[in-house]
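Please read them with the structure open beside you.

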Amino acid sequence: MSDPLPPLAELRRAAEVFNGFANADTSWLRLRAETRSAIDLSLPAHRTILLRWLNSWGCRIRYPREGEPAPFDDGILAWWETWGATLPSADLVDLTDEGIDTAAKAYADLAGVVVSAGRTRRTLGQTAAAKALYALRPNTIMPWDAAIAATLHGARDGAAFGRHLRLGRAWAAAVIAEAGDGGAEIPALMGRPVSLAKILDEYLYVAFTMGAKGDWGTDSGEWWKNGNRG
């Protein structure tokens, strides 16, 4: 990027794009309501809710047919048993280096979880792993997609995700300083009650994945235009 810091004016511009999507937050609000804002992946119902939400965000993870193995369910449960108790929960701006390192390792492990078996074995992958971590820690994790990761970091491994969170932490601090009042009014300025981590992600999506690449005329752009991410 030419400017390493998105000022509030740029965040508001990106927010206006997202605010124009029909039903921008519908599936997110449903996930929060169904899990009472506290996803616990030890619960089978919450793993199902997460899978449905990931697919609503375009992850296209195959649902098992009746009687088939459920590798997503099994793999996510095993991952949660390893990482659930150690995932950081501080706001993005307050993440410690240790917390970022833990989140990056958890991300790398999560990306490798097998979610479908058979002739075509598939892992969760980097974009879906970042989205899932955001669902688990919406105030903490700034997610990404392939375009954002490639543009900012040139890679999508755990080390790159750690750099992404460090960048997000620095941005969050600068944006909060610009906004004043501890940043409490930032979601209101953006027009939606979403976390600063999500606001920064939306800025990056508009800047790199959609707007900067003229994506409105593609299938991807139309998918977002119709509000299906939320």
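**Notes on the predicted model**

1. Helices α7 and α8 lie roughly perpendicular to each other, since the angle between them falls in the range of 65 to 115 degrees that this term covers. The model is a predicted one, and in it α7 (residues 146-153) packs against α8 (residues 158-179) at about 80°, the two axes being 11 Å apart.

2. On the α7 side this contact is made by I148, L152 and H153, while α8 brings A160, R163, H164 and L167 to it. Sorted by class, the residues of the contact are 4 nonpolar, 2 polar and 1 charged.

3. The largest nonpolar core comprises 70 residues, and those with the most contacts inside it are W53, L54, F72, W79, L110, L124 and L133. Helix α10 (residues 196-210) supplies the largest share of this core, namely 11 residues. As a general background, nonpolar side chains in soluble globular proteins tend to be buried together.

4. Which residues does W53 touch, once its neighbours within four places in sequence are left aside? The contacts of W53 are then with S27, W28 and L31, and also with K131, A132, Y134 and A135.

5. G75 sits in helix α4 (residues 71-83). Is G75 buried or exposed? With a relative accessible area of 16%, G75 counts as buried, because that term applies to values under 20%. Although G75 and V114 are 39 residues apart in sequence, their C-alpha atoms are 6.3 Å apart in space.

How values were computed. Residues numbered from 1 in each chain as written. Heavy atoms only, no water. Core = buried A, V, L, I, M, F, W, Y, C linked by side-chain atoms within 4.5 Å. Buried < 20%, exposed > 50% of the residue type's maximum accessible area, 1.4 Å probe, protein only. Helix = DSSP H or I, 4+ residues; strand = E, 2+ residues; numbered from the N terminus. Contact = heavy atoms within 4.5 Å. Axes fitted to C-alpha atoms, helices over the stretch in contact; angles between N-to-C directions. Parallel < 35°, antiparallel > 145°, perpendicular 65-115°, else oblique. Nonpolar A, V, L, I, M, F, W, Y, C, P; charged D, E, K, R; others polar.
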